[in-house]
Amino acid sequence: MDNSITTQTITFKVFRFNQETDYLPYYNTIEMEVTSEEVVLDILNRIKWEHDGSFSYRRSCRHGICGACAIKVNGKGVLACKERMNDMIELFGKELTLEPLSTKRAIKDMIIDKEDFWVKHEEVEPFLISHVDEHPEDEHIVTPQEAEALLDSDLCIQCGLCHYSCPVVEINEDYIGPAAFAKAFRFNADVRDEGVDKRIEVINAPGAGVWDCVKCFECAEVCPKEVNPIEKITKLHNQVFERGDALNNVATRHAVGFAHSIKKHGLLDEGELVRYSEGNIGVIKHVPVALKMFKKGKIVLPWNMPKSDKLDEIQKLVKSSSTVKF
Amino acid sequence: MSIPIHTYDVVIVGAGLAGSTAARELEKAGKNVAVITKLHPLRSHSGAAQGGINAALSDEDSIELHEFDTVKGSDYLADQDVVELMCKEAPKTIRWAERMGAAFSRNKDGKIAQRPFGGQSSPRACYAKDRTGLTLLQTVYEQALRAGVKFWDEWYAADIIYKDGKVSGVVAFNIRNMEKAIFNAKAVMFATGGYARSFKINSNAHANTGDGLSIVARHGLPLEDMEFVQFHPSGLSGNGVLISEAARGEGGKLINSKGERFMDKYAPNKMELASRDVVSRAIMNEIREGRGVGPRKDAVYIDLTHLGKDLIMERLPELRDLAITFLGLDMIHEPILISATAHYSMGGIPVDIDGHARKNNSEFVEGFYAAGETSCSSVHGANRLGANSVLEALFFGRHVGQSILKDLDSLTLREADESDADTMIKEIETTLTRNGKYTVPELREKLQQSMTDNAGAFRTEELLAKQVKIVKDLRKQFHKGCRIDDKSKIFNTDLQEAIELGHMLDYSLFIVESALARKESRGAHFREDFDTRDDKNFLKHTMAYMDEDGEITLDYMDVTLGKHELKERTY
């Protein structure tokens, strides 16, 4: 088990940009001997310390807990101090491109303007809302099961990887984003918290809220702490339904239509799901796609929709778990 | 070019546990507070604390026992009045953090869970899995934010305004664009962290360069007990990243190349859970006597495989992840490689029990306070016990915040003047324009390597004298000819690293000069040429001062003793 240390030659293409002096970004090509012990942050340090002192990036703790050093390697979001070089080489080969998390927000080299990230963070009331006894004689009693209900959302280190990998954040500047949603869940799931109403109002808002998530799972994929933000987003969907706060819109109807289909057939009726979500008029714009799907056998005519052979059991399950009224 | 002057009641430098806690306390009392930090607050190094935070909560434990363990752990150098205060307030402090939202692990009955830690008579470390610091940092930051504290993040505090025995503000620049500003205040508090980064193998964050210490020292103010640097037994082999004491607390065994559980030679009673300095020296001794393991034979094994997957995943998931990332070893299936790593700074800015910074043994600096690792109160003496540092930062952060609040009415605002920024402007100009053959990484590497070689866990007269000369030479090289590549205004991290190196060089001289003069072994300070504690000559705090030529003079200050009488320290 005393593994020896191995070395290989790697070519790095490094994104360079200085807001003060550069009109456009450019790339430096640097060749380096990389050892099997190194992580991506070691490479950033070596670029700065051995090649060009002006190369800049954020970093602090160097062991995956402060969240400062998120960048992209060959387009994949990574926390630089936690990503082994050997894994990167195995994944992408011996030519690696180092870029900031979001090139359009680049200020200098790997450093981006994260203002939008922190603004969204603050929007979800990211603190326990409860009267704080300043001189307590005892603690709240919280059972281990209640403590586990946070589902490790408290492990989020605000590195921004999920936020800047989210396709909705990219095109919708109102969208609060997966990191802030995970934070909202962290407090909504806390038995000590009294701020659920406020947070639900924020995360249920059309455009900004959880209903604009496209369920691509990019946030879960990229998270270096396995916080799994989309799991928390789904839990927030449920909280909204359970409280009866769901607004009647495409996204919520999509969820409800899904449930209706399962209740009726025990299977998903894709065609009816779109009609239910979009309404009888809205559905017309999907006709060209529907025709293609029909040709491929992905959707069937309503009277041909099959039923699950365990439909009775499924309907019992649906009945015992459903809360929505429309 | 004119420099804006921002006026506050209180300015705090550092946004970790101590800084954010103090800020919240003052903001809640209606005071106008600013916190300056060179990172985002959530990046502060408090968040890296893993294993726990001490408080005598259980019926089997007692405040007196916590005091005794702390005093004994300190090798009797701790000031006992300060220890008493901290231990007494610890249960309330932890429950207060819990009330603010900290996500502690729980017992079946729903109370805060506790685990054993080194040097303690009872399972006393309250924990949140193995990310205790993270939940506490998040909690105090979140509640400070909720209270409305103004954070100036990514601003670099470069100087204090100190004249006529009084501090009246901080001079800083915006790392984003080099915008400069003066923060004028009635009171200033430093919570700027420790100085273990001056060693090559260390557990500290890159940002943990201890700038606050030399900012103070350059004004001729003293630094206390700087020779006491804690070497933590379990840093990952190669890079020194910390594997929490929780690994030993949960039952980890230390094994050498011969397969021996060697702690029975060094601490037959407490074994792996002896005090940190004892375990670190044991590990380093095994390695230097040829019983090391790993590709460089510079480590020993810590074996946790007997704990089983479930317990490791429940209580040590982050630690497992770290060993996989940095060593490629999974502690569930195999032992991992560790060695001692420079970890914690017992010394720092001398303060009294209420955080007032000392001008000398008998006088205080008006309007200046410190708390957390950067301060020396001295609650840890010559060696800190595991899970006492997070407690110190959290408790004293709040306590010093309250102390400032009490003093504030009697403190007057001395109006700042643009010329107060002259020292900082000169430092920036010099750093940007200085030409020469030395680079920052080169000088820093020389400093860190030589500090590890000559001022580490085993020290001698010869090595320390050599190191004094090395540090003085490095300081000369730095001031005469250290150049940087980056001349731009946007995130000039090259400039920042140069300024930080200047600080590291200055306080390193305090470390070695203080260590050279302390001809005894006490706690973390171990002299092979004086290998026993000498209470007759050295039961006292070092107070070191630097003059304008960079020469250090030493003075000593009495230790506040108390009910825990001096004894030989065995584990």
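Helices (H or I, at least four residues) and strands (E, at least two) are DSSP runs, numbered from the N terminus. The structure is a predicted model, in which local features need pLDDT of at least 70 and side-chain atom pairs count only at pLDDT 80 or more, whereas totals for chains, interfaces and linings use all residues. Side-chain values use heavy atoms, with hydrogens and water left out, residues are numbered from 1 along each chain as its sequence is written, and chains are lettered from A and ligands numbered from 1 in the order in which they are written.

In chain B, B:Phe395 is placed in helix α11 (residues 389-407), and B:Phe395 is buried at a relative accessible area of 6% (buried means under 20% relative accessible area, exposed over 50%, and partly exposed in between, with a 1.4 Å probe and protein chains only). Leaving aside residues up to four places away in sequence, B:Phe395 touches B:Leu85, B:Met86, B:Glu89 and B:Thr93, a contact being heavy atoms within 4.5 Å. Between B:Phe395 and B:Asp69, which are 326 residues apart in sequence, the C-alpha to C-alpha distance is 18 Å. The loop between β18 (375-376) and α11 of chain B holds B:Ser378, and a cis peptide bond with omega of about -10° joins B:Ser377 and B:Ser378.

Chain A contains 14 helices and seven strands, and 51% of its 326 residues count as buried. Its C-alpha trace spans about 70 × 65 × 50 Å along the principal axes. Helix α11 (residues 250-265) and helix α14 (residues 311-321) of chain A pack at an angle of about 145°, with their axes 7 Å apart; axes are lines fitted to C-alpha atoms, for helices over the stretch in contact, and angles run from 0 to 180 degrees between N-to-C directions. To this contact α11(A) contributes A:Ile262, A:Lys263, A:Lys264 and A:His265, while α14(A) contributes A:Leu311, A:Ile314, A:Gln315 and A:Val318.

B:Asp321 counts as partly exposed at 25% relative accessibility, whereas A:Lys82 counts as buried at 15%.

Within chain B, B:Arg315 forms a salt bridge with B:Glu250, their closest N and O atoms being 3.0 Å apart. Because B:Arg315 lies in helix α9 (residues 309-315) and B:Glu250 in the loop between α6 (246-249) and β12 (253-255) of chain B, the pair ties together parts that are 65 residues apart in sequence. A further salt bridge is formed by B:Arg288 and B:Glu528, with the closest N and O atoms 2.8 Å apart; since B:Arg288 is in helix α8 of chain B and B:Glu528 in the loop between α15 (493-517) and α16 (535-538) of chain B, this pair ties together parts 240 residues apart in sequence. B:Arg288 is partly exposed, with a relative accessible area of 46%, and B:Glu528 likewise counts as partly exposed, at 36% relative accessibility.

Key. A salt bridge is a side-chain nitrogen of Lys or Arg within 4 Å of a carboxyl oxygen of Asp or Glu.
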